[in-house]
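Subject: Structure handover

Hello,

Please find the structure below, with my notes after it. Could you read the notes with the model open beside them?

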Amino acid sequence: MTNESAAKHKSGISFYTRLGLLYFLNLIDWICTEVLIGSGRFSEANPIMQPILSGFGTTVWIKGVLPLALIVLCAVLFRLAGGEENKVANVLITIGIVAYSLVNLWHIFNFVLLFSLN
């Protein structure tokens with residue numbers, strides 16, 4: 001079995017594509033959070049992120065650079081492991097994708113509220 005065929009998940013989506021989707025959803029969450037907070041009508045619901053979002057540099061590191069570094073590390077480790085499927089990794093990535101998808105749906109709901117209040 002080649003690395004590329006081993007990298008495919010049962011759904012047919014590659015490990016690398018799922019990692020990219022996870023990072024993309026993270027970025028969308030970050031952008032939507034910033035826009036909603038910037039409107040003045042919403043605040044950060046996550047108490048851990050509240051102090052982090054107050055500084056631009058810290059936010060870039062925590063929401064942009066650190067997740068990207070972790071995604072790249074996962075991709076490199078996957079490649080070094082020979083592209084073998086790992087059930088735990090697949091479950092964790094799926095949980096992350098579902099969680100970020102739900103958070104982004106919540107952002108969409110909040111945007112609807114924001115625009116209906118004007």
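This is a predicted model: local features need pLDDT of at least 70, side-chain atom pairs count only at pLDDT 80 or more; totals for chains, interfaces and linings use all residues.

Residues are numbered from 1 along each chain as its sequence is written, and side-chain values use heavy atoms, with hydrogens and water left out.

Overall fold

The protein has 4 helices and 0 strands, and from the N terminus its elements run α-α-α-α. Helices (H or I, at least four residues) and strands (E, at least two) are DSSP runs, numbered from the N terminus. Of the 118 residues, 31% count as buried; buried means under 20% relative accessible area, exposed over 50%, and partly exposed in between, with a 1.4 Å probe and protein chains only. Among contacts (heavy atoms within 4.5 Å) between residues at least 6 apart in sequence, 76% join residues at least 24 apart.

The buried residues of α2 are Phe15, Arg18, Leu19, Leu22, Tyr23, Leu25, Asn26, Asp29, Trp30, Cys32, Thr33 and Leu36. They pack against α3 and α4. Just after α2, Gly40 takes a positive phi of about 85°.

In α4, the buried set is Asn90, Ile93, Gly96, Ile97, Asn104, His107, Asn110, Phe111 and Leu114. These residues pack against α2 (15-38). An α-helix has 3.6 residues a turn, so residues three or four places apart point the same way. At the start of α4, a side-chain oxygen of Asn86 comes to within 2.9 Å of the backbone nitrogen of Val88.

Nonpolar core

A nonpolar core is a set of buried Ala, Val, Leu, Ile, Met, Phe, Trp, Tyr and Cys residues joined through side-chain atoms within 4.5 Å. The largest one has 10 residues: Phe15, Leu19, Leu22, Tyr23, Leu25, Ile71, Ala75, Phe78, Ile93 and Ile97. Helices α2, α3 (56-80) and α4 each supply at least two residues of this core, and the largest share, 5 residues, comes from α2. Leu22 is in contact with Ile71, Ile93, Gly96, Ile97 and Tyr100, leaving aside neighbours within four places in sequence.

Thr59 sits in helix α3 and counts as buried because its relative accessibility is 2%. Which backbone oxygens lie by a polar atom of its side chain? That of Gly55 is 2.7 Å away, and that of Ile52 is 2.9 Å away. Not counting residues up to four places away in sequence, Thr59 touches Trp30, Glu34, Ile52, Leu53 and Gly64. Thr59 and Trp30 are 29 residues apart along the chain, and their C-alpha atoms are separated by 8.9 Å.Asn26 is in helix α2 and is buried, with a relative accessible area of 3%. A polar atom of its side chain lies 2.8 Å from the backbone oxygen of Lys63. Leaving aside neighbours within four places in sequence, Asn26 is in contact with Lys63, Pro67 and Tyr100.

Largest pocket

On a 1 Å grid over the protein atoms alone, a pocket is an open set of points where a 1.4 Å probe fits, with protein on both sides within 12 Å along at least five of seven lines; lining residues have an atom within 4 Å of a point. About 650 Å³ of space lies in the largest pocket. Of the 26 residues that line the largest pocket, Asp29, Glu44, Lys63, Tyr100 and Val103 are the closest to its centre. The elements giving two or more residues to this lining are α2, α3 and α4, and the largest share, 8 residues, comes from α2.

Regards

Terms used. A polar contact is a pair of N or O atoms within 3.5 Å; within protein, one must be able to donate a hydrogen and the other to accept it, and residues adjacent in sequence count only if both atoms are side-chain atoms. Grid points are joined across faces, edges and corners, and a volume is the space filled by probe spheres set on the points.
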